[in-house]
Amino acid sequence: MSVLELTRKGEIASARQRVEARAARSADDVYAAAAGLALERIVGPDGRHAAPDPDRTFSRALAAGDPVAIATTAAPYARWLRERGRVREARDAVNAALHHAGGLDTLHGLALAGASLGDRSLDARILATLDGCVDDRVDAIAGARAHARALIELAAGDTARAREYASKARTSYGRAGWPYYAALADEIAGNATAAARLFKQFGAIADAERASASAASGRTENELSLREREVATAAARGASNAAIATSLSISRKTVEKHLSSVYRKLAVTNRVELAAAMDATAGLAKRRLLPAPLSPFVGRLDDLENLARCNASYRLVTLTGAGGSGKTRAALEFAHRQYERLAGEVWFVDLSSVHDVRGVVPAIAATIVPSETRQDARSAVFAHLATHGGLVVLDNCEQLVPDLTQVLRDVLDEAPGVRIVATSRQRIGFLGEYVVRFGPMDADDAVALFHERARAAGSEADDRAMVGRICDRVDCVPLAIELAAARLYDMTLAQLEDALASSASVLRTDDPSATLRHRSIDAMIEWGYDALDERSRRFCRSVAIFDGSFTFEHVAGAFGAGAEVALAQLHRTSLIERLTDGRYRMLRVVRDVALALLRAEDEEPAAFAAYAEHYRTVLERAHDTWFDMPIEAWLMPLRDELPNIEAALRWCFSRAGDTSVGIALAAVAARLWNEVGRESELRPFLERAVALEREGSRAERVRLLLAWSRYHDVAGDYTTALGAAERALALCDEHTEARDLALALLAVGCCHAARSDTAAEAPLARALGLTRELGMKRSEATALMALAMLAPTPAAAAAMFAEVLTIARLLDNRLLEAIALINLAEAYGLDGDDERAVDHARRAVEALERLGAQTRLARARITLAEREEARGDMRPARNAAARAFLDLSRAGDAPFRAKAASVLARTLPPAEAGLALRLEPLGDDLAALARDVARLLD
């Protein structure tokens, strides 16, 4: 393990020993010097090792032109320069090194060193470089990005935002297993005591002393709390203690306590000085009447930044999104943050109880205009806003759309200094409106929110994987996460996960202070559903059947006319999302409620029947075009429909389903599953369909039996495959489509060929003639491959496989191309041309890695291993066989796993003789065996 990795893991003592040992061996070693510089602040200037001269070390790295040395030495050198006030030189060093920084290991320290220098152009370059960093350690990259952002905000003087990013970095570093850097992030986030404890635990003495001093100094003690700022603002405005107590619903004694604390923190002695300190104008501080949040704001930093940018350019910004997506909480947080930046006032107006647009202005007046002036609410509101300007947050506007537009236009016209942020489940429709759509939280923020709310409920919720699954189950919707985490007060994390697996009804609260629609996720969704017209409600219930994303065309195909208007209405009210590729998606929590409503209306059987029949029709059309279309073009409209087709199959073979539709659907769905390499997922449906085969029509039975034969052929069970193919051929008569007859002949011939049976030649020859006559290029390639298996010489087989390769490239069928390459490799190997064999096998492996076809990839690796072994290259042969064995251990393909084990055992070095003995019979503990094999990989 490198010095840097030891440091990240918090193994400071080991890192120190490694540095001292390297420095003792070679005082001029650039890498030892870089490590010494990096550890300077860990070890401290106590002489326990001689840190090399930074100028000399970096200069030598530049002169040598070694990219790794340059990137490695630049970070500690820049920090060293900054500590001595040489900021310009530090920036130059970081800029020079960024040209050479490669992966995360060289970029990480460099990014952190440069982010603290306060140079905007350098900051942008660092963040862009981090965004482009590709590394398997995703959490480490996320931590580096957030850590750099925290340092940038800290250099800019925005402590609050720096702490938010640092908290995010701390979470990511924790998942990445980088505790030393997690402690550094803790320090920035204001958790100096926790950071000092961690530093001390790792042996980072200098860091621990610095953090302890920071914790002892209490350098944040002069910052006003939210409540203190509200009391101070009211007092600076001239309000009495009694009035402040009444307006904030606290006691006079509490007001006095807060004021004493404010006076001490701001170093003032009376209200006149307080007004001046609060940036008052003519003795009156700017006003903010905002609800005080009950809990910390978690995540959504990017959304808040986007909102700030939009609000700077547009005077009306509307936050839209599904119920429970966090619009209100984000708008409130934004208002609190804007208060520090705006010259005018900041107001929050809740319109949830206003159901007539005529009540909007009085509701605003009740919030922002002193009571003695409310007789003429409209004049008072407009005059006040025109005079003071500022930000007005209008919450819960959806029930007032579209009538609200004229009121907003009047406000914005008569008060040019006012900006409005509105929250609504649908856009307001104002011509100058900017819409910001709030979707689910990202996974990291969702987990962080769950943990924070779980701790509030008295639970640590320390199983991160389970928390991640719970957040995913509720689509990372903030309200659903909060309701779920609150249930940990009376159930365990495992019980919560089990409850959510069966129903979302567990997402509720008995809090009487919560609004009715926020007491359960069901109530929140039904509140929006009830606002729809009847046609849109019917479509809302019906589209809940779709198990994945869906298109307008498929909804219209399944459920008829009116889909376009209904989907637009569902999208406007945020009951469905429109994805970037033009497809739609209904969140799982919304879908659960809509499906329950579908059952309550007794519409489920008819809706599912229409849904399944639609996909049967779609796949039948696709089946007819499969033979001569480029495979990617054929797959493009179908790949995203896999979850929906699977849902249709599940219903067809359920107790309430239609098995006749299921038989027809399974017969044509098999082609799609086969092309994406996921045949095993379709097996349960094929088994059920084959058991009921006689219920189908003759054509459906032929196609179903051919699908069953193809499945077993791919699995290597040629006896079962041949039986199904012969039954299909026996069903063919003069009324059978020529294509189905060709496929039946081809299936029979292929099964015989796989068993090296000469009976294959006649059906294959006839199938090849038919496929060429009918232009069935893909099936022609299959016939050629089967005939190649019966070829008298390897050279003859190679010629046929070369024809297959030509057809595959004509059809742009990459999977078929990979299969042809594997077969060509084997043919060349049998012909003694090991160089060409290895070349073709490698190309097949590369192609299958891109396609993600795991089972075929493992078989290609076995072919590569055998060909490498044949030409005496044991190390690459062992690597290929080991990877194949690991893939097949997961896939469970026993015959090919045994073949991979055989090659692996033959290519193992003598030191691994014990493992070879275990591999031959494969042993009893396959998981343990796979772990032993994994360590052999280079």
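# Reading helices and salt bridges

Reply: Let us begin with helix 36, which in this predicted model runs over residues 659-675, so that its 17 residues reach 24 Å from the first C-alpha to the last, close to the 24 Å expected at 1.5 Å a residue.

Me: Where is the kink in helix 36 centred, and what is its angle?

Reply: A kink is read as an angle between the axes fitted on either side of a residue. In helix 36 the kink is about 35° and is centred on Ala669.

Me: How many residues of helix 36 are buried, and which residue with a positive phi follows the helix?

Reply: Buried is the word for a relative accessible area under 20%. Helix 36 is mostly covered, since 16 of its 17 residues are buried, and the helix is followed by Gly677, whose phi is positive, near 70°.

Me: Is Asn823 buried or exposed?

Reply: With a relative accessibility of 19%, Asn823 counts as buried, because the cut-off for that word is under 20%. Asn823 has its place in helix 44, residues 814-830, and, when its neighbours within four places in sequence are left aside, Asn823 is in contact with Met785 and Phe801.

Me: How many salt bridges does a search of the whole structure find, and how far apart are the closest N and O atoms of Asp356 and Arg358?

Reply: To read a salt bridge, one looks for a side-chain nitrogen of Lys or Arg within 4 Å of a carboxyl oxygen of Asp or Glu. A search of the whole structure finds 38 of them; in the one between Asp356 and Arg358, the closest N and O atoms are 2.7 Å apart. Asp356 is partly exposed, at 33% relative accessible area, whereas Arg358, at 69%, counts as exposed.

Me: Why are Glu780 and Lys777 separated by about one helical turn?

Reply: An α-helix has 3.6 residues a turn, so residues three or four places apart point the same way. Glu780 and Lys777 are three residues apart in helix 42, residues 777-789, and are therefore separated by about one helical turn. Their salt bridge has its closest N and O atoms 3.7 Å apart; Glu780 counts as buried at 8% relative accessibility, while Lys777, at 32%, counts as partly exposed.

Me: Which parts of the chain does the pair Arg906 and Glu869 link?

Reply: The side chains of Arg906 and Glu869 meet in a salt bridge of 2.8 Å, N to O. This pair links distant parts of the chain, with Arg906 in helix 48 and Glu869 in helix 46, 37 residues apart.

Note on methods:
Residues are numbered from 1 along each chain as its sequence is written. This is a predicted model: local features need pLDDT of at least 70, side-chain atom pairs count only at pLDDT 80 or more; totals for chains, interfaces and linings use all residues. Side-chain values use heavy atoms; hydrogens and water are left out. Helices (H or I, at least four residues) and strands (E, at least two) are DSSP runs, numbered from the N terminus. Buried means under 20% relative accessible area, exposed over 50%, partly exposed in between (1.4 Å probe, protein chains only). Contact means heavy atoms within 4.5 Å. The expected span of a helix is 1.5 Å times one less than its number of residues. The bend at a residue is the angle between axes fitted to the seven residues ending there and the seven starting there.
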